[in-house]
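Biologist: Please show me the structure, and then let us go through the labels attached to it. I would like each one set against its cut-off.

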Amino acid sequence: MANDAHSLASLRSIAVFSKFFYHSEARERFLGKVGSDYSVRFVNLRQHPVVNGSDEEKEIRGCEIAIVDPVGPLLFVPLLGDKVRWIHSSIAGVNWLMENEQFQEYIRGRGKDAPVLTRTSFTKSMVTYCIGHICALVMAKPIESKTAGILGVGDVGSGIAAACKHFGMRTIGYSSSTMEKENFDQIYPGNLDAVLTQSDYVINTLPSSRETTHLLSNKRFKCASKSPVFINIGRGSVIDDSSVVEALDNDWISKAILDVCETEPLPGDSPLWDHPKITVTPHVSGAYLPQDNHREVIEAFAGNLDLIRKGELPKMMVNYNKGY
């Protein structure tokens, strides 16, 4: 990508396609955060489709920054023009974008001028989800001696590690390459079994990618000698349903708390629903409620805007090659 912090600092026009901004309160808060130096256009394609060839279409396609929802029908993609230099995702997961052929064609067509892609992380709510479930399981029992094995040491994984350390837990992490990071006692790059064998709680925060798909399938939990609790807030593709059931039935894991599943919505005949050791929640750890969580989206975008103004690169940048 040819876009650097200096070139991004010159951008002034923003197209907001996200449903997080359908409410007037969110729009007013956003405008107050970005300031009067920016031209902002809020676009609701579900209620007001843009007519091809219209002046409105030309104006939207002329915007330099786009804030988008990378889930469901990606209606905004045809309106991304060649002037877009920065795309910000309203949520953490961008796999829908990475798997969308129309978006990929747009990125390939831009070549070295492909826009910077950043994302929002709902770290606080996801940390609360994990710690809440751990506390509910142990009730009043101490957890100081327990080990949390966290798969993925990015923003969310690091936040969970910090919370676990607050409770006196030992924290270990799995990563593809990171060797050390604050709040982790030990990180095992590329060594998943080392994490599984030591953990009382295995918490998955990994994104969806070729490398992570079914990473925990195929009897992978068999080495988990402590029969840990498995909490999945990352992506459901990390393990298939039958492998979850097999791990539980063989006591390789003692309980599964699944906020994400390989198929969503989870089919009514899925064995996960009725298994006594499984808790299923409807993909809510990230608190994806536009009317309540627009603040996180605004703070993430405005925080990056401040960094760019200072001549620094934004945080939470997505690597197009890796897909996250």
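Modeller: The side chains of Asn95 and Arg235 make a polar contact at 3.2 Å. This is a predicted model, and Asn95 lies in helix α4, residues 95–99.

Biologist: Why is the pair of Asn95 and Arg235 called a polar contact?

Modeller: The cut-off for a pair of N or O atoms is 3.5 Å. The side chains of Asn95 and Arg235 are at 3.2 Å, so the pair is within the limit of 3.5 Å.

Biologist: Is Asn95 counted as buried or exposed, and why?

Modeller: The relative accessibility of Asn95 is 13%. Buried means under 20%, so Asn95 counts as buried. Leaving out residues up to four places away in sequence, Asn95 touches Ser208 and Arg235.

Biologist: What makes the aromatic pair of Phe20 and Phe122 stacked?

Modeller: The ring centres of Phe20 and Phe122 are 6.3 Å apart, with 25° between the planes. Centres within 6.5 Å make a pair, and planes under 30 degrees apart count as stacked. Both conditions hold, so Phe20 and Phe122 form a stacked pair.

Biologist: Which parts of the chain does this pair link?

Modeller: Distant ones: Phe20 is in the loop between β1 (13–16) and α2, and Phe122 is in the loop between β5 (116–119) and α6 (123–138), 102 residues apart.

Biologist: How do you know whether Phe20 and Phe122 are buried or exposed?

Modeller: Phe20 has a relative accessible area of 0%, and Phe122 has 5%. The limit for buried is under 20%, so Phe20 is buried and Phe122 is buried.

Biologist: Why is the pair of Phe103 and Tyr106 called tilted?

Modeller: The angle between their planes is 40°, at 6.4 Å centre to centre. Stacked needs under 30 degrees and edge-to-face over 60, and the rest count as tilted; 40° therefore makes Phe103 and Tyr106 a tilted pair. Both residues lie in helix α5 (101–110), three residues apart, about one turn of the helix. Phe103 and Tyr106 are both buried.

Biologist: How many aromatic pairs are there in the whole structure, and which residues form a cluster?

Modeller: The search finds nine pairs. Phe21, Phe30, Phe42, Trp86 and Phe301 form one aromatic cluster.

Biologist: What makes the buried residues of α2 line one face of the helix?

Modeller: The buried residues in α2, residues 24–34, include Ala26, Phe30 and Val34. Seen down the axis of α2, its buried residues fall within an arc of 55°, so they line one face. The face turned away from the buried side carries Ser24, Glu28 and Gly32, which are exposed. Just after α2, Gly35 takes a positive phi of about 90°.

Biologist: Which residues touch the most other members of the largest nonpolar core?

Modeller: Leu216, Phe221 and Phe230 do, in a core of 29 residues. The elements giving two or more residues to this core are β7 (170–175), α8 (192–198), α9 (241–249) and β11 (255–258). A second, separate core has 26 residues, among them Val50, Leu74, Leu80 and Tyr106. The contacts of Phe230 beyond four places in sequence include Val202, Leu216, Phe221, Ile239 and Ile253.

Biologist: Why does Asn319 count as partly exposed?

Modeller: Asn319 has 32% relative accessibility. Partly exposed runs between the 20% limit for buried and the 50% limit for exposed, so Asn319 counts as partly exposed. Asn319 is found in the segment after α10 (290–309).

Biologist: What of Asn183 and its positive phi?

Modeller: Asn183 has a positive phi of about 75° although it is not a glycine. The residue is in the loop between β7 and β8 (186–189).

Biologist: What kind of peptide bond joins Glu264 and Pro265?

Modeller: A cis peptide bond, with omega about -5°. Pro265 is found in the loop between β11 and β12 (278–280).

Terms used. Residues are numbered from 1 along each chain as its sequence is written. This is a predicted model: local features need pLDDT of at least 70, side-chain atom pairs count only at pLDDT 80 or more; totals for chains, interfaces and linings use all residues. Side-chain values use heavy atoms; hydrogens and water are left out. A nonpolar core is a set of buried Ala, Val, Leu, Ile, Met, Phe, Trp, Tyr and Cys residues joined through side-chain atoms within 4.5 Å. Buried means under 20% relative accessible area, exposed over 50%, partly exposed in between (1.4 Å probe, protein chains only). Helices (H or I, at least four residues) and strands (E, at least two) are DSSP runs, numbered from the N terminus. Contact means heavy atoms within 4.5 Å. The arc is that of the directions from the helix axis to the C-beta atoms. Rings of Phe, Tyr and Trp (its six-membered ring) pair if their centres lie within 6.5 Å; planes under 30 degrees apart count as stacked, over 60 as edge-to-face and the rest as tilted. A polar contact is a pair of N or O atoms within 3.5 Å; within protein, one must be able to donate a hydrogen and the other to accept it, and residues adjacent in sequence count only if both atoms are side-chain atoms.
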